[in-house]
Amino acid sequence: MTFRELVIKYKKLCVEKNVPEETVMVYLVELSQRDSYNLYMNFENEVPQTLLNEFEKGMSRVLEHEPVQHVLGYSWFYGYKFVVNPNVLIPRVETEELVSYILSRMDEFFNGNSKLTACDIGTGSGALAISLKKEEDSLNMYASDISEEALSIAKLNAKNNNADIKFLSGDMLQPFIDNKINLDILICNPPYIPNNEVLEDFVFEHEPHVALFGGEDGLKFYREIFKNCKKILNKKSFMAFEIGYNQKEALKDLLNEYLPNTKFEFIKDINNKNRMLFVYFD
């Protein structure tokens with residue numbers, strides 16, 4: 001069987017099983033690169049038997065709606081490789097835009113001063129915190145999570161990526177309040193899906209619900225942060241969030257309730273959806 005025939009066969013199977021077709025190429029490219037095999041230069045050639053066996057074994061799991069990142073054991077985010085498993089949320093491509101905007105707003109808001117203290121609340125795999133530290137090494141970077149299982153993965157990823165991150169265990173802002181840590185930048189990609197929202201099987205069955213659901217309206221964790229953020233933020237500081245595409249108006253109301261007269265901006269992603277919120281204190 002050639003690579004082309006293999007791809008055609010499994011794309012058809014993906015359609016039948018309601019799995020995204022692009023998963024076939026994502027998985028095959030990763031396996032080929034791992035074996036130092038140039039897939040695109042050999043697309044009409046026979047698939048080596050060992051590679052074929054591994055591909056078919058992994059795709060049997062993917063066709064049962066297991067995320068391809070779990071089959072591989074890792075995911076790519078902002079050019080860095082992160083170990084992932086069912087204890088952490090798989091880093092999303094959309095969240096890479098949040099990293100870019102944080103870096104640009106850092107430079108603008110703090111006039112080029114990069115000797116800043118930042119935290120990533122609910123860090124999960126550590127993708128946000130580690131990527132920011134790798135891009136701006138002078139950051140004094142903290143990351144926290146309530147899940148000890150998630151923290152163990154995040155610590156492993158920090159080690160694998162040679163990133164100096166200080167990890168704290170605890171619920172939302174509490175470890176920073178308890179340790180009297182003051183921040184210039186607070187970052188959070190919180191669970192923001194309403195409890196009753198129906199998710200795709202490969203998300204609902206394989207990713208941690210604690211990292212997905214944000215209460216009845218999906219806004220539970222934003223409320224908690226807006227209510228308590230001034231306990232740990234420096235006078236000149238900002239917060240950066242990922243948000244649900246349809247939560248702009250509800251979050252405006254929460255900001256006016258908990259942080260009146262505070263400057264904020266909503267930023268649209270590459271798909272022209274409101275997916276980021278920045279809140280500024282000066």
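**Exercises on a helix pair and a cavity**

In helix 10, Tyr-222, Arg-223, Phe-226 and Lys-227 meet Leu-251, Leu-254, Leu-255 and Tyr-258 of helix 11 (contact means heavy atoms within 4.5 Å; helices are DSSP runs of H or I with at least four residues, strands runs of E with at least two, numbered from the N terminus). The model is predicted, with local features needing pLDDT of at least 70 and side-chain atom pairs pLDDT 80 or more, while totals for chains, interfaces and linings use all residues. Residues are numbered from 1 along each chain as its sequence is written, and side-chain values use heavy atoms, leaving out hydrogens and water.

**Exercise 1.** Describe how helix 10 packs with helix 11.

Step 1. Helix 10 (residues 220–228) and helix 11 (residues 248–258) have axes 10 Å apart, at an angle of about 25°.

Step 2. Helix 10 is therefore roughly parallel to helix 11 (angles under 35 degrees count as such).

Step 3. The residues of this contact comprise 6 nonpolar, no polar and 2 charged (Ala, Val, Leu, Ile, Met, Phe, Trp, Tyr, Cys and Pro are nonpolar; Asp, Glu, Lys and Arg charged; the others polar).

**Exercise 2.** Describe the lining of the largest cavity.

Step 1. Its lining consists of Glu-94, Thr-95, Glu-97, Leu-98, Glu-242, Asp-269, Arg-275 and Met-276 (on a 1 Å grid, a cavity is a set of points where a 1.4 Å probe fits but cannot get out; lining residues have an atom within 4 Å of a point).

Step 2. Helix 5 gives the most to this lining, with 4 residues. Helix 5 (93–109) and strand 9 (274–281) each supply at least two.

Step 3. By type, the lining divides into 2 nonpolar, 1 polar and 5 charged residues.

Conventions: Axes are lines fitted to C-alpha atoms, for helices over the stretch in contact, and angles run from 0 to 180 degrees between N-to-C directions. Angles under 35 degrees count as roughly parallel, over 145 as roughly antiparallel, 65 to 115 as roughly perpendicular and the rest as oblique. On a 1 Å grid over the protein atoms alone, a cavity is a set of points where a 1.4 Å probe fits but cannot get out, and a pocket is an open set with protein on both sides within 12 Å along at least five of seven lines; lining residues have an atom within 4 Å of a point.
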